[in-house]
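Welcome, and please open your viewer. We will go from stop to stop, with something to select at each one.

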Amino acid sequence: MIRTFCGATVKAVGTARPIKEVRRLHSSYDMAVVGGGIVGLATVRELILRHPTLSFILLEKEKELAVHQSGHNSGVIHSGIYYTPGSLKARLCVRGATLAYEYCDKKGLPYKKCGKLIVATEQEEIPRLQALYERGMKNNVRDLSIVDAKGIREREPYCRGIMALDSPYTGIVDWRMVALRQAGSTEGMKYPIAIRDKKGREVRCRFVLTCGGLHSDRLSQISGCSSEPRIVPFRGDYLVLKPEKHYLVKGNIYPVPDPRFPFLGVHFTPRMDGSVWLGPNAVLAFKREGYKVYDFNARDFADALSFRGLQRLVMKNMVYGMGEMYRGIFIGAQVKILQKYIPELSLSDVLRGPAGVRAQALDRDGNLVDDFVFDGGVGEVGSRVLHVRNAPSPAATSSLAIAEMVADEVEKRFDL
């Protein structure tokens, strides 16, 4: 059984039955993994499978696991179309999708291969769509094809476009459910997953691996690493389709990405619970874990605004950013964009929905850091620490493949 520790009470993850109160925990481990999101959980699972004789502890500051990026995302299993051929991001996404489906099958976790259409609505988008197809083929994305307007209607009867990229291997899943199943696994885990309490109770270990997500840069700085790349939080607000309009969408419908802009754009995403999300936009969050419009943290806000990289990103994308903010306030403007793909959609068909916060890594020149970044401390203590500073989207899809790569890096750096 895996336990979580908070205050002086131990509870079983995934069950409602409380375990007896515990006053003393075993406090010496071979390795501590900091961060109970899907990347941290997948990585500690992989390390346990490789090194069953070592002891591991997972430290998480929240009372529950996978509550931030892992629990606030679109739920898509991406197939690997968008990424530069040969890049680490492309390889991890393609392998990660395969591993994710295999893991869900093995553990009996529900998912749906509902597919995805990347739809061109204008002639000028067709060359970019064809380039995406070539990129996807080079990445060995499964079952990828180009369809015409008739093919679009066959797959999505209410969607309109002149050409689309069809990715039937794309699916949906509840990523938090996947993460919690990894936490609840008994595959070699001999010691509890712990949550450190506010009293500063100490855990000692030989090595430390951090997978801190929205706080990865701050965790790195504690052990003497560089302050960059910096994490800047971007909130994505979703709309939800009213239940009586769910028939409008069967699978994922995405736009052709515009390389002039830093984010993908709004899309239609069916969910495992039967709901349909529309969006998201992308606006600066005033709090790293701020899922509401008015959530605010003075330190987070000051850190973001004072960072040269964000200032440069804003200057390069001022008009785009203002448009994202406008569409976040006036949902009619968001609906107007969505109507390019499903003309039957109307403002009365949607409601404001949930939001997620993306940990976007930026360099000081305002460039989005799109690949994975590892960092280590210095000195006797720092050299025993490894930080996963950036695990960019689609990190949930890639998580099991990321875990393999992180475990390789851990073995290399710590000579396991």
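**Aromatic rings**

Start by selecting Tyr101, Tyr111 and Tyr169, which form one aromatic cluster. Rings of Phe, Tyr and Trp (its six-membered ring) are paired here if their centres lie within 6.5 Å; planes under 30 degrees apart count as stacked, over 60 as edge-to-face and the rest as tilted.

Before moving on, a word about what is on screen: this is a predicted model, in which local features need pLDDT of at least 70 and side-chain atom pairs count only at pLDDT 80 or more, while totals for chains, interfaces and linings use all residues. Residues are numbered from 1 along each chain as its sequence is written, and side-chain values use heavy atoms, with hydrogens and water left out.

Now select Lys116 and Tyr254: Lys116 lies over the face of Tyr254, 4.2 Å from the ring centre.

How many aromatic pairs does a search of the whole structure find? There are 9. For one of them, pick Tyr158 and Tyr247: the ring centres are 5.2 Å apart and the planes stand at 70 degrees, so this pair is edge-to-face. Tyr158 lies in the loop between helix H4 (149–155) and E9, and Tyr247 in the loop between strand E12 (230–241) and strand E13 (252–255), so the pair ties together parts that are 89 residues apart in sequence. Helices (H or I, at least four residues) and strands (E, at least two) are DSSP runs, numbered from the N terminus. Tyr158 is partly exposed at 29% relative accessibility, and Tyr247 is partly exposed at 42%. Buried means under 20% relative accessible area, exposed over 50%, and partly exposed in between (1.4 Å probe, protein chains only).

Next, select Phe207 and Phe414, whose ring centres are 4.4 Å apart with planes at 15 degrees, so the pair is stacked. Phe207 sits in strand E11 (residues 204–210) and Phe414 in helix H12 (residues 395–414), so parts 207 residues apart in sequence are tied together. Both Phe207 and Phe414 are buried.

**Along helix H3**

Select residues 126–138, helix H3: its 13 residues reach 18 Å from first C-alpha to last, close to the 18 Å expected at 1.5 Å a residue. That expected span is 1.5 Å times one less than the number of residues. Which residues of H3 are buried? They are Ile126, Leu129, Leu132 and Gly136. These cover an arc of only 115 degrees around the axis, which puts them on the same side of H3; the arc is that of the directions from the helix axis to the C-beta atoms. Show strand E7 (116–120) and strand E9 (163–167) too, since the buried residues of H3 pack against them (contact means heavy atoms within 4.5 Å). Turn to the other side of H3 for Pro127 and Lys138, which are exposed. After H3 comes Asn140, with a positive phi near 65 degrees.

Select Ala359 in strand E17 (residues 350–362); Ala359 is buried, with a relative accessible area of 14%. Its C-alpha is 6.9 Å from that of Phe234, 125 residues away along the chain.

Finish at Gln334 in helix H10 (residues 331–338), buried at 2% relative accessibility. Not counting residues up to four places away in sequence, Gln334 touches several residues, including Asp237, Leu239 and Arg327.

Note on methods. A charge sits over a ring if NZ of Lys or CZ of Arg is within 6 Å of the ring centre and within 35 degrees of the ring normal.
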